[in-house]
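Hi everyone, thanks for coming.

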Protein chains: 2
Amino acid sequence: MASTIKGRRSDATKEAILAAARELFASDGYERATIRAIAASAGIDPAMVMRYFENKEKLFAAAAEFDLRIPDLAGTPREQIGARIAGHVIDRWDGDETLMALLRAAVTHQAAADRMREIFATQLRPAVLAIAPDEAVTRAGLVATQVLGLALTRYVLRLPPVTAMDRDAVVAWLGPTLQNYLTGPRPGHEAP
Amino acid sequence: MASTIKGRRSDATKEAILAAARELFASDGYERATIRAIAASAGIDPAMVMRYFENKEKLFAAAAEFDLRIPDLAGTPREQIGARIAGHVIDRWDGDETLMALLRAAVTHQAAADRMREIFATQLRPAVLAIAPDEAVTRAGLVATQVLGLALTRYVLRLPPVTAMDRDAVVAWLGPTLQNYLTGPRPGHEAP
DNA sequence: CTGGCATGTCAACAAGTGTTGGCCTACACT
DNA sequence: AGTGTAGGCCAACACTTGTTGACATGCCAG
């Protein structure tokens, strides 16, 4: 039996398939991204895709594995948390098309939407809980509305004024919003 | 020749097709909403759809005609504009599934995304221009990020904490955000 | 009644989909 | 050397899609 020391040759093509899948799921969505196109983009036969990932559903699940990499906010001053998150979102989104694949697919595909909710529940919600235990779940939901709204209009719909904003502008505008959602008073419950 | 006084009988089925199309485009997105399913939902033959609307593309265009019905804000006090818009969004969204059809389709379908940008340019942008001429286009874009983000998380992804918020909570949380985007100072340009 | 047009149905086409099984090739081990 | 096996390709399957053309049915004018 071959040793597992330096990885089998198949691991390379498996990774090539995953890269192609992420790219096509991101640009075309779940249904338009065909197995044949993914295979062609990876330079192999469609049957290979089925060999390594059983079916399209599981291929997507493997390609849509995603870590938000929410930064540790313990060190940052409380009043800068909003800006910090806004900046992080921009940075995280630009380098990785996985989240776009997930977002595009989640809109029409059940499993992708489930995954999105799962990421929310296991990654965003706990992070918010650490910052603002009071009404944490609602606050996390509000952050999601603004952050995903930015992603939708900027990377998917490409609304001109939103794509035109540079990193600094996004941080300057969205920072205060996120700050308020995270640490602002609960409406109707102003501090006395 | 038949008089056009009371509309031809075909207008009824044409409207039935449009209603079914809106419903299926809204719940399934562009590619998953098949002509056959739309026809079945309308209780007629698939060929009828082609007779009345040439092809799927044009059927969608007809079904996705949409008016945001942005209320006239001349009467409302300037500091309540944000809350007013937030409330209007919730109301407008619940009664009409056309916008959901548009949103779901826009994510994977080019023409739908174009339509979305067009609605932004012809309906939202002018309304913002009337309120805040300074930096109006950017402000309109920011409003779009928050409003579409709410729509996405609440009606499409159905993130539990977002669907759990009632109308009042949405207005209370999003109102100030929209207010700031519309009438707040331009970041880095605070009034002296 | 008879023609003609609007309204509708049926069956089929060509293309594209996910998926499968058989076959080939090259390399690692004995 | 021979051989087993992992990696890869080809052709085909069953099915669904948008779309089309031929054929039926009703209704109104003459």
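Before we start, one term: a salt bridge here is a side-chain nitrogen of Lys or Arg within 4 Å of a carboxyl oxygen of Asp or Glu. And keep in mind that this is a predicted model.

So, how many salt bridges does the rule find across the interface of chain B and chain A? Two. In one of them, R32(A) pairs with E31(B), and the closest N and O atoms are 2.2 Å apart.

Which element gives the most to chain B's side? That's α8(B), with 14 residues. Sorting that side by residue type, you get 25 nonpolar, 11 polar and eight charged.

Now the area. Together the two chains bury about 3,800 Å², and 74% of that is on carbon and sulfur atoms. On the chain B side, V107(B), L157(B) and W173(B) lose the most area to chain A, together 20% of what that side buries.

Okay, over to DNA strand D. There are 19 residues around DNA strand D, and the ones that come nearest include S10(A), D45(A) and K56(B).

For some close-ups, D45(A) has a backbone N or O atom 3.0 Å from a phosphate oxygen. R51(A) uses its side chain instead: an N or O atom there is 3.1 Å from a base oxygen. And α3(A) supplies the largest share of this surface, four residues.

How values were computed
Residues are numbered from 1 along each chain as its sequence is written. Chains are lettered from A and ligands numbered from 1 in the order in which they are written. This is a predicted model: local features need pLDDT of at least 70, side-chain atom pairs count only at pLDDT 80 or more; totals for chains, interfaces and linings use all residues. Side-chain values use heavy atoms; hydrogens and water are left out. Buried area is the accessible area (1.4 Å probe) that two parts lose on being put together, summed over both. Helices (H or I, at least four residues) and strands (E, at least two) are DSSP runs, numbered from the N terminus. Ala, Val, Leu, Ile, Met, Phe, Trp, Tyr, Cys and Pro count as nonpolar, Asp, Glu, Lys and Arg as charged, and the others, Gly among them, as polar. A residue is near a molecule or strand if one of its heavy atoms lies within 4 Å of it. A polar contact is a pair of N or O atoms within 3.5 Å; within protein, one must be able to donate a hydrogen and the other to accept it, and residues adjacent in sequence count only if both atoms are side-chain atoms.
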